[in-house]
Amino acid sequence: MALARGRRSQYQTNLWPGFVDMLSTLLLVVIFLMSLFMVTNYIITQASSGKDTMLSRLNRQLAELTELLALERSQKDSAEDNLAALQATLLDTQAQNKRLTGLLGDASGASDDAEGRIAALGTQLDEQRNITNDALAKVELLNQQLAALRLQLAALNEALEASEAKDQESQETIANLGERLNVALARKARELAQYRSNFFGELRKTLGQRKDFRIVGDRFVFPSDVLFDPGSATLKTSAYGQLNNLATALKEIEGNIPTNIPWVMRVDGHTDITPISSSTFPSNWELSAARAISVVRYLMARGIAPEHLVAAGFGEFQPIDSGNSPTALARNRRIELKLTER
């Protein structure tokens, strides 16, 4: 029995170094796993920066393992319990390692996808570079065309400035000619007004001092009833004497007016507002124009040059009396003579 006790005591004495060796081996395995975990963690960190949350969790687990190791050093008496905890932690770490391996595979697939996208982006970049080169060539061509257009624009501006200078000279010349023309026209108008005044004076002498023959402004007015019957454009026989006197005065003034003054004697026919409708004169327009033409034809027959005669009909639309009395209507039925320029 003493031999058995000695052997048991010897066995118990030799068991502790083996346990320590096993514990050291276990620590080396844990350290190796921790190193592997750290390497795996580094690879995963480099492969996918989007796994910060998982890495933080692993870091927390590493911190726990470190605390467990420190606790193991300080509490060697509870090595078996710690060994069990370490085994459990090892299993959990292996599970985590498997999961991280799966995540690493997913990250590798994502990396492959990223490489595919990078290749596609590289192709698009090459295409964009080609397009950019074409655009730059087009821009260069447009710049050349723009330079040519600028040269043409400069030439056009020079031509425009020269044209404006000529136009200014032309405008000044036209203005001078206009002033000279206005002066000449004003002078001829004054001369014609003088001859008109002389004509009206001679006409007044030849026609006598009749009150129904009036001078209104630049017109000589006498009633149509003296020359025509109501609704007729045929001259009365009694009107021949008055028209002969008119032709005589007109001939005299015709010989005195210089040939460089373009003058005409305008004969205007006017009616009252009484409507007229016949086969010969559908309206007062036709009646007034026909009366003016009758006077012009008679003056032509008396030797007045036709280029100095004009006939115009105004109907009832130019009254000199707005009343409706017989006297007002008679005043509006009139023949007006106006010596004017052509």
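## Burial and the basis of the model

A residue is called buried when its relative accessible area is under 20%, exposed when that area is over 50% and partly exposed in between, with a 1.4 Å probe and protein chains only. By that rule Tyr298 is buried, because its relative accessible area is 16%, whereas Tyr240, with a relative accessible area of 33%, is partly exposed.

The model is predicted, so that local features need pLDDT of at least 70 and side-chain atom pairs count only at pLDDT 80 or more, while totals for chains, interfaces and linings use all residues. Residues are numbered from 1 along each chain as its sequence is written, and side-chain values use heavy atoms, with hydrogens and water left out.

## Overall architecture

The protein chain contains 6 helices and 5 strands, where helices (H or I, at least four residues) and strands (E, at least two) are DSSP runs numbered from the N terminus. Their order along the sequence is α-α-α-β-β-α-β-α-β-α-β. Of the 342 residues in the chain, 28% count as buried.

The accessible surface of the protein chain amounts to about 22,100 Å², and 56% of it belongs to carbon and sulfur atoms; such areas come from the Shrake-Rupley method with a 1.4 Å probe, and for residues only the protein chains shown count as cover. Contact here means heavy atoms within 4.5 Å. Among contacts between residues at least 6 apart in sequence, 70% join residues at least 24 apart.

## Aromatic pairs

Rings of Phe, Tyr and Trp (its six-membered ring) are taken as a pair if their centres lie within 6.5 Å, and the pair is stacked when the planes are under 30 degrees apart, edge-to-face when they are over 60 and tilted for the rest. A search of the whole structure finds 3 aromatic pairs. One of them is the tilted pair of Phe220 and Phe222, with 6.3 Å centre to centre and 55° between the planes. Phe220 is buried at 1% relative accessibility, and Phe222 is buried with a relative accessible area of 5%.

Tyr240 and Tyr298 form a stacked pair, 5.3 Å centre to centre and with 10° between the planes. Because Tyr240 lies in helix 4 (residues 239-256) and Tyr298 in helix 5 (residues 284-301), this pair ties together parts that are 58 residues apart in sequence.

## Enclosed space

Rolling a probe the size of a water molecule over the atoms shows where empty space is left. On a 1 Å grid over the protein atoms alone, a cavity is a set of points where a 1.4 Å probe fits but cannot get out, and lining residues have an atom within 4 Å of a point. Grid points are joined across faces, edges and corners, and a volume is the space filled by probe spheres set on the points. The count comes to 3 cavities of 30 Å³ or more, and the largest cavity holds about 110 Å³ of space.

The lining of the largest cavity includes Val30, Met34, Gln61, Leu65, Leu86 and Thr93. Helix 1 (2-47), helix 2 (52-74) and helix 3 (79-207) are the elements that give two or more residues to this lining. The lining residues divide into 8 nonpolar, 3 polar and no charged, where Ala, Val, Leu, Ile, Met, Phe, Trp, Tyr, Cys and Pro count as nonpolar, Asp, Glu, Lys and Arg as charged, and the others, Gly among them, as polar.

## Individual buried residues

Leu69 is placed in helix 2 and is buried, with a relative accessible area of 8%. Residues up to four places away in sequence aside, Leu69 touches Leu27, Val30 and Met34, and its C-alpha atom is separated by 9.8 Å from that of Ile31, 38 residues apart along the chain.

Ala247 belongs to helix 4 and counts as buried at 2% relative accessibility. Beyond its neighbours within four places in sequence, Ala247 is in contact with Leu299, Arg302 and Ile304; the C-alpha atoms of Ala247 and Leu299 are 5.9 Å apart, although 52 residues separate them along the chain.

His308 sits in the loop between helix 5 and strand 4 (309-313) and counts as buried at 15% relative accessibility. Not counting residues up to four places away in sequence, His308 touches Glu254, Trp263, Val264, Met265 and Arg342.

Methods:
On a 1 Å grid over the protein atoms alone, a cavity is a set of points where a 1.4 Å probe fits but cannot get out, and a pocket is an open set with protein on both sides within 12 Å along at least five of seven lines; lining residues have an atom within 4 Å of a point.
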